[in-house]
Amino acid sequence: MTVLQALVGHYDRLVESGPALHYGYSSQGISYAVVLSTEGEIVDVMDIRDTASKSPRPNRILVPGPVNRSVNIAPNFLWDKTAYSLGLVRDEATGEPTPARRGEHDAFKHQHLELLAATEDKGLRALAAFLSAWKPDPEQFTRLPHAQDMLDANVVFRLEGEREYIHDHAAGRRIWQDHLTTQGRAEALCLVTGELAPVERLHPKIKGVRGAQSSGASIVSFNLDAFESFGRRQGANAPVSERAAFAYTTALNAMLAPNSGHNIRVGDTTVVFWAEANLGDAAASAAESIFSILADPPPTDAAEGAKVRDKLEAVAEGRPIEEVQPEVREDTRFFVLGLAPNASRLSIRFWHEDRIGAIYSRIAEHWKDLRLHPPAWTGAPALWTLLIETAPPGKRRTDNIPPTLGGTLMRAILTGGRYPHSLFAATIARMRADKDINGRRVAICKACLARDHRLGFEKEDVSMSLNPDDTNAAYRLGRLFAVYESLQRAALPGVNATIKDRYFGAASATPASVFPLLERNSANHLASLRKGEKAGLAHWFDQQIDSILSGFATTFPRSLRLQEQGRFAIGYHHQRAYKRTAGETAQADASAQEED
């Protein structure tokens, strides 16, 4: 199933469940309502803006869909900005009302008098009477309530004594629907529905993709000759019916709305997801809910944190999806779409369609690949916490995540394929640059290597915690480096910069150039410990070094490839985690022996 076909199917589900917009309608920001008498005279102007925030803003109201216009004159039906609806605009120099110069009001008046000529609806007749008599006179306009604030804002109309707006009248809806179907546009076979229908020339805009233009962007558009063929203009190059274009854009805009529960952000990619409703709306909603939790786990201190944590722990343990979310049907079809900004268009980073059960299993597998001991995260790792480790530290760290990385990482998780090489390379680069070998970065390296081993790209597996039997040279060198660092700290208490700060990058990439120096320094540190009160601790370090070198070749490698640098970091982290327990115990035992 194509992206647009799946979105049209989701729109049909939204229509059945109630919240979706009907064909030809759109939610627009409206600021004022002009109240008319039955004779078509203005009796009041109502400020209907949303005042919940610090400054009033337009209220979102369902109105007949807007026309596409740039420099052309094209009126909307039963609503528009004051240049069209009342024929007045704000003068740029004085800020006072002045008549619109381009004939916008004449176009608005002509269209409505033509469409409303035969109506018997009293509200529509009142609007027609108003347009017939109204003159765009600035002096007359300034006598209206809210005149100064209303200039250039969107307005609707209401009949005196009624609560609903005139555009909500059933007669107005019928006129608008008839107008859409009788505009005489060329018909063609719709590539989405397979039906012969009028073709949409300019598709509606998509709003809500992070980083895209605030006015909206397009998935399907043709605006240059190079994109067109055989004399076809704009939408005729890839025929999509007007209803299908409305349906897929309406569905996307609904899911991209804030707090919709259908989108998350992964790097520069806005990820939209939804389920097919063939198995029932309850099953679809449950599938969407569990995916939202898995892909972007909420903070552990959220209101329902305990309930969510139980679900996440069950996923990490590999329990069936029915145990985690009983309402979910394992065979529910699920769709995940990744969108990223590209000037006035949207790029599709990835498109994935599968059963929710299969996606659930792959996310659980992803968490298993990331698992370390001790854990790198207090809860389930959200995707952004992986990406943030590839960016340099700073206040605007999220803006420095490598572009496209979020989309390729999400695709790898959903398909079970290899993690992007750029994720591994960027993590190694950041460890070398920042000298911060934390558990999260090591977990990323471990996940990349573990998955490559499972898929046959790496011969050796990598363990979750310290593995003394692992004979991999890079892993043992990482362990040895951690022991040398701990030895340095023990011999030189309060040292400001350790060998990690000075030599980690070189040691992990070109061991032969650094480890002979570290070996000589470690001998000096051991001698220093033996002369003091820590002879027992010196003996413990000596044992650790001998144990690591016993399974090692006689010479240090001249260089390590990128994957081996990851194993070096893992060995370093494993040994440090082991040192925190075993080393401290050894130091305590040594102190006890000295006291005896």
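Reader: What makes Q565 count as buried or exposed in this model?

Author: In this predicted model, Q565 has a relative accessible area of 9%, and because buried means under 20% relative accessible area, Q565 is called buried. The residue is found in helix α21, which covers residues 562-595, and Q565 touches I428, R432, S508, A509 and L560, leaving aside residues up to four places away in sequence.

Reader: How do you know that the side chain of Q565 has a polar contact with L560?

Author: A polar atom of the side chain of Q565 lies 3.1 Å from the backbone oxygen of L560, and since a polar contact requires a pair of N or O atoms within 3.5 Å, the distance of 3.1 Å meets that cut-off.

Reader: Why is α17 called oblique to α19?

Author: Helix α17 (residues 473-491) and helix α19 (residues 515-531) pack at an angle of about 40°, with their axes 9 Å apart. Angles under 35 degrees count as roughly parallel and 65 to 115 as roughly perpendicular, so the angle of about 40° makes α17 oblique to α19. The crossing of α17 and α19 is left-handed, and the contact has 11 nonpolar, 4 polar and 1 charged residues.

Note on methods
Residues numbered from 1 in each chain as written. Predicted model: local features only at pLDDT ≥ 70, side-chain atom pairs only at ≥ 80, totals over all residues. Heavy atoms only, no water. Helix = DSSP H or I, 4+ residues; strand = E, 2+ residues; numbered from the N terminus. Buried < 20%, exposed > 50% of the residue type's maximum accessible area, 1.4 Å probe, protein only. Polar contact = N/O pair within 3.5 Å; in protein donor to acceptor, adjacent residues only side chain to side chain. Contact = heavy atoms within 4.5 Å. Axes fitted to C-alpha atoms, helices over the stretch in contact; angles between N-to-C directions. Parallel < 35°, antiparallel > 145°, perpendicular 65-115°, else oblique. Left-handed = near helix turned anticlockwise from the far one by under 90°. Nonpolar A, V, L, I, M, F, W, Y, C, P; charged D, E, K, R; others polar.
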